[in-house]
Amino acid sequence: MQPLLKAPSSLPSWPKRPRRWLQYCAITLVIALLITIWEPYLWSNRYRVAWIFGEAIYKVQTSEKVVALTFDDGPDPRYTQQISQLLADAGARSTFFVIGRHAEQYPDLIDTLIQQGHELGNHTWSHPSLRLMLPGVMRAELESTDRLLHSYGYESPIPFRSPYGHSWFVLPQILKLRRQPNILWTVQLNDWKPEKPSIMMDLLETKFDNGAIILLHDGDGESEGADRANTVEVVKLILEKYIPQGYQFVTVSELLHRGKPLHFQ
Ligand SMILES: [Zn+2]
């Protein structure tokens, strides 16, 4: 008996081999996904995967008793001047990695930092994570902040520190073109939590060393109004404890000249 329906002589079929560009896209997507999932692990081993995270300096090798205190996320009218005055009174110079939009809001604070001999650093215009961002937007974050600081009459080279320390494929290429490293840190004191000053001092003790770069915060990168009173307190304690021991607190650029920069790569 004849079947009622005849199978068509040629059924449409998937191409035997998907197009090559589709294969590349799929592989790239899988690699990006895996890297994103493993980011916390990769970050803790960043000195082994410099091709992802780029060149970053976390300390300087030196036999001299020099240390850099650095302050991120300002300027903030409640804390920046208190901190900079404490430092100036103690003969210390620090690097303030400012956020461009805050610097635009408080030109007088920037002027005070310059007058007191502190160094200005670039911490981007709006404090985004620089991991997933179009290169043009990323460049604008850096360049607009540099331009603003220069417009205030600041003529020295401006070191850069990425928000959250994030650096991811594109930023390392941009920094390479700008011929500058990402300045990270030897120890951060959890002052952003904010942590108690006595606990911060205990934490610092374990990492305090010649050539250390210490991360503190005089402002807030995410929301306005974070409490940095404990940061002011801990700055007093640090100066009181270590200056009598013969330590000198200098800017990041000065520190880099006083020894051999230690890189993550
Ligand atoms: Zn920050």
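**Reading strand β2 and the zinc site**

Author: Let's start at one residue: V66 has Q248 in β8 as its bridge partner. Keep in mind that this is a predicted model.

Reader: Okay, how many bridges join β2 to β8, and which way do the two strands run?

Author: There are 2 bridges between β2 and β8 (residues 248-249), and the strands run parallel.

Reader: And what about β7: how many bridges join β2 to that strand?

Author: β7 (residues 213-217) is joined to β2 by 5 bridges, again in parallel. Look for A68, which sits opposite I213 of β7.

Reader: Which residue in β3 does D72 stand opposite?

Author: That's F97. β2 and β3 (residues 95-98) pair over 3 bridges in the parallel sense. To get from β2 to β3, the chain passes through helix α3 (residues 80-89), and this β-α-β crossover is right-handed.

Reader: How do I read the side chains of β2: which residues point one way and which the other?

Author: The general idea first: side chains in a regular strand alternate between the two faces of the sheet. Here, V66, A68, T70 and D72 point one way from β2, while V67, L69 and F71 point the other way.

Reader: Now the metal. Which residues coordinate the zinc ion?

Author: D73 through OD, plus H123 and H127 through NE2, at 2.1 to 2.2 Å. Along the sequence, the donor spacing reads D-x49-H-x3-H.

Reader: Are H123 and H127 buried or exposed?

Author: Both H123 and H127 are buried.

Methods
Residues are numbered from 1 along each chain as its sequence is written. This is a predicted model: local features need pLDDT of at least 70, side-chain atom pairs count only at pLDDT 80 or more; totals for chains, interfaces and linings use all residues. Side-chain values use heavy atoms; hydrogens and water are left out. Donors are N, O and S atoms within 2.8 Å of the metal (3.2 Å for Na, K and Ca); water is not among the atoms, so sites may look incomplete. Buried means under 20% relative accessible area, exposed over 50%, partly exposed in between (1.4 Å probe, protein chains only). Helices (H or I, at least four residues) and strands (E, at least two) are DSSP runs, numbered from the N terminus. Two strands pair if DSSP finds at least two bridges between them. A crossover is right-handed if, with the strands pointing away from the viewer, the path from the first strand over the helix to the second runs clockwise.
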